[in-house]
Amino acid sequence: MNPAPIVVHRPAPDGSRQVALHRDGREEPLGLARSDHDLIVFLEAAGVIEPENVLDDPQLVEWRGARPHQWHAG
């Protein structure tokens with residue numbers, strides 16, 4: 001099974017989460033999100049259509065190290 005194409009990594013102590021897109025066999029960093037809004041902006045810039053509708057789809061987004069939509073360590 002292939003990993004989800006979008007990975008939201010574990011929260012850092014400052015509440016940010018690294019966001020990456022798996023594309024062409026490699027992980028492309030999109031930036032540090034501090035909210036769902038930041039995440040949506042990154043995904044939209046990466047060409048994801050209707051990014052607000054994919055955040056809870058585990059086939060498209062893998063939330064690592066914390067619950068989905070959790071923006072603080074802990």
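**Reading the sheet and its core**

Guide: We begin with a pair of strands: β1 and β2 (residues 17-23) run antiparallel and are joined by four bridges. Two strands count as paired if DSSP finds at least two bridges between them. Strands (E, at least two residues) and helices (H or I, at least four) are DSSP runs, numbered from the N terminus. The model is predicted, so local features need pLDDT of at least 70 and side-chain atom pairs count only at pLDDT 80 or more, whereas totals for chains, interfaces and linings use all residues. Residues are numbered from 1 along each chain as its sequence is written, and side-chain values use heavy atoms, with hydrogens and water left out.

Visitor: How many residues lie between β1 and β2 in their hairpin?

Guide: Five residues lie between them, and G15 in the turn has a positive phi of about 95°. Within this pair, P11 stands opposite R17 in β2.

Visitor: Which strand order does the open sheet have?

Guide: The order is β3-β2-β1-β4, four strands with mixed pairing. Because β3 and β4 stand at the edges, each with a single partner strand, one side of each is left without a neighbour in the sheet. Neighbouring strands are turned by 20° against each other on average, direction ignored; axes here are lines fitted to C-alpha atoms, for helices over the stretch in contact, and angles run from 0 to 180 degrees between N-to-C directions.

Visitor: How many bridges join β1 to β4 (residues 61-63), and how many pair β2 with β3?

Guide: β1 and β4 run parallel over three bridges, with I6 opposite V61 in β4. β2 and β3 pair in the antiparallel sense over seven bridges, and V19 stands opposite G31 in β3. Helix α1 packs on this sheet, touching β1, β2, β3 and β4, and its direction makes about 140° with that of β3.

Visitor: Is V8 buried or exposed?

Guide: Buried means under 20% relative accessible area, exposed over 50%, and partly exposed in between (1.4 Å probe, protein chains only). V8, found in strand β1, is buried, with a relative accessible area of 0%. Five of the six residues of β1 (residues 6-11) are buried. Contact means heavy atoms within 4.5 Å; leaving aside neighbours within four places in sequence, the contacts of V8 include R17, L39, W63 and W71. The C-alpha atoms of V8 and P68 are separated by 8.6 Å, although these residues are 60 apart along the chain.

Visitor: Which residues touch the most other members of the largest nonpolar core?

Guide: A nonpolar core is a set of buried Ala, Val, Leu, Ile, Met, Phe, Trp, Tyr and Cys residues joined through side-chain atoms within 4.5 Å. Of the 14 residues in the largest one, I6, L39, L43 and W63 touch the most other members. β1, β2, α1 (36-45) and β4 are the elements that give two or more residues to this core. Beyond its neighbours within four places in sequence, I6 is in contact with several residues, among them A20, L21, L43 and V54.

Visitor: Where does D24 lie, and what is its phi?

Guide: Most residues other than glycine have a negative phi. D24, in the loop between β2 and β3 (26-33), has a positive phi near 55°; D24 is exposed, with a relative accessible area of 72%. E50 has a positive phi near 50° and is placed in the loop between α1 and β4. E50 is partly exposed, with a relative accessible area of 47%.
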